[in-house]
Amino acid sequence: GKFAGAGLRTGPGTDEFSLIAVWQPRYARVWAWYTRLLNWRDFGVQVERGYFNGRFSHALFFHNANWQNVINDDPNDSVASPTQALGLDYGWQWKTTDHSLIGGHLGAMADKEWEEFLGYRGFWRVDRWFRENPIVDASLFHEFEAGRAWFQSEFMVISNRNVLSPDSTYMKIWGFSILGRYRVKERWMPYARYEFCDGSNGVFPNDNLHLFTLGTRYSPTADPKRPFWTFQYTRTLEEGPTGPKNLVSNDVFYAQLQAEL
């Protein structure tokens, strides 16, 4: 089926209403692009298993990882890339206490032409396939809830063996975020988030970003889920030779209405 598989915790999952802020963290959006997920979903098969009455669970996701097969009805489109990509993601989470949840994921994506994928003599050469052209990524997260307060932190790193950084090593993309929210009565839920993203490990200038977000969710009805407004302000600082500065006018205001029909 087409669904969200094992991966970053800061993705929206299968329920858009579980997304607190208007946008996922910058590093999470970069991760979705590199793993070729369209709206955080792809065609594939996921195997899941839970233990200890659901307090520990893990999942293994095999997915298509080829945008053309997702957005085109005809996978033999002559203008499409002549490659077959395979993505694998393993995710786990453990509810250590009634208030704390930890977890993470490990994934890889490989992309080769069919002859290299199958081998010139027709046998399976997946070992060479993964050694020569993988994108490997990993993450860890922690969530803590106490009463009306809720906090989430996450760290993510990608190793792209297809691109060399200025220091002649494989390009690494990494980032982390800290998000906190507090539910005021039943209708208001203010939140704040800090995130950092290094998008190319020096390949592109000024891509070490510090993002500060302030926002609130407001529900006109007693049910905080249907419908609700989200108001959000985000300021981005780019790292420079004299420290982080707002180098361009990139302050952004959001107003979003969501409702279930």
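This section describes the fold, the nonpolar cores, the salt bridges and the surface of the protein chain.

The structure is a predicted model, in which local features require pLDDT of at least 70 and side-chain atom pairs count only at pLDDT 80 or more, whereas totals for chains, interfaces and linings use all residues. Residues are numbered from 1 along each chain as its sequence is written, and side-chain values use heavy atoms, with hydrogens and water left out.

The secondary structure of the protein chain consists of four helices and 13 strands; helices (H or I, at least four residues) and strands (E, at least two) are DSSP runs, numbered from the N terminus. The chain has 261 residues, of which 40% count as buried. Here buried denotes under 20% relative accessible area, exposed over 50%, and partly exposed the range in between (1.4 Å probe, protein chains only). Contacts are defined by heavy atoms within 4.5 Å. Among contacts between residues at least 6 apart in sequence, 53% join residues at least 24 apart.

In soluble globular proteins, nonpolar side chains tend to be buried together. A nonpolar core is taken as a set of buried Ala, Val, Leu, Ile, Met, Phe, Trp, Tyr and Cys residues joined through side-chain atoms within 4.5 Å. The largest such core comprises 18 residues, and the members that touch the most others are Leu-8, Tyr-27, Trp-31, Tyr-34, Met-156, Ile-158 and Ile-173. Two or more residues are contributed by each of helix 1 (26–34), strand 7 (149–164) and strand 8 (170–182). Helix 1 supplies the largest share, six residues. Within helix 1, the buried residues are Tyr-27, Ala-28, Val-30, Trp-31, Ala-32 and Tyr-34. Beyond its neighbours within four places in sequence, Tyr-34 is in contact with Met-109, Ile-135, Ile-158, Asn-160, Met-171 and Ile-173. A second, separate core contains six residues, among them Ile-20, Ala-21, Met-189 and Tyr-191.

Met-189 also takes part in strand pairing, with Arg-217 of strand 10 as its bridge partner. Strand 9 (residues 188–198) and strand 10 pair in the antiparallel sense over 11 bridges, pairing being assigned if DSSP finds at least two bridges between two strands. Strand 10 (residues 208–218) is largely enclosed by the rest of the structure, because eight of its 11 residues are buried.

Side chains of opposite charge can pair when their charged atoms come close. With a salt bridge defined as a side-chain nitrogen of Lys or Arg within 4 Å of a carboxyl oxygen of Asp or Glu, the count comes to five salt bridges. In one of these, the side chains of Arg-9 and Glu-143 meet at 2.8 Å, N to O. This pair links distant parts of the chain, 134 residues apart: Arg-9 lies in the loop between strand 1 (2–3) and helix 1, and Glu-143 in strand 6 (residues 134–146). Arg-9 is partly exposed at 31% relative accessible area, whereas Glu-143 is buried at 10%.

A further salt bridge joins Asp-111 and Arg-36, again at 2.8 Å, N to O. Asp-111 belongs to strand 5 (residues 100–113) and Arg-36 to the loop between helix 1 and strand 2, so the pair ties together parts that are 75 residues apart in sequence. Asp-111 is buried, with 13% relative accessibility, and Arg-36 is buried at 19%.

Asp-98 and Arg-55 form another salt bridge, with the closest N and O atoms 3.5 Å apart. Asp-98 is located in the loop between strand 4 (83–94) and strand 5, and Arg-55 in the loop between strand 2 and strand 3, 43 residues apart. Asp-98 is exposed at 59% relative accessibility, and Arg-55 is partly exposed at 31%.

The protein chain exposes about 14,500 Å², of which carbon and sulfur atoms supply 59%; accessible areas come from the Shrake-Rupley method with a 1.4 Å probe, and for residues only the protein chains shown count as cover. Val-45, Val-47, Leu-60, Phe-62 and Tyr-90 make a nonpolar surface patch of about 410 Å². Patches are made of residues with over 30% relative accessible area and no salt bridge, like charges being joined within 9 Å and nonpolar side chains (Val, Leu, Ile, Met, Phe, Trp, Tyr) within 5 Å. Strand 2 and strand 3 (56–63) each give two or more residues to the nonpolar patch. Leu-60, in strand 3, is partly exposed at 31% relative accessibility.
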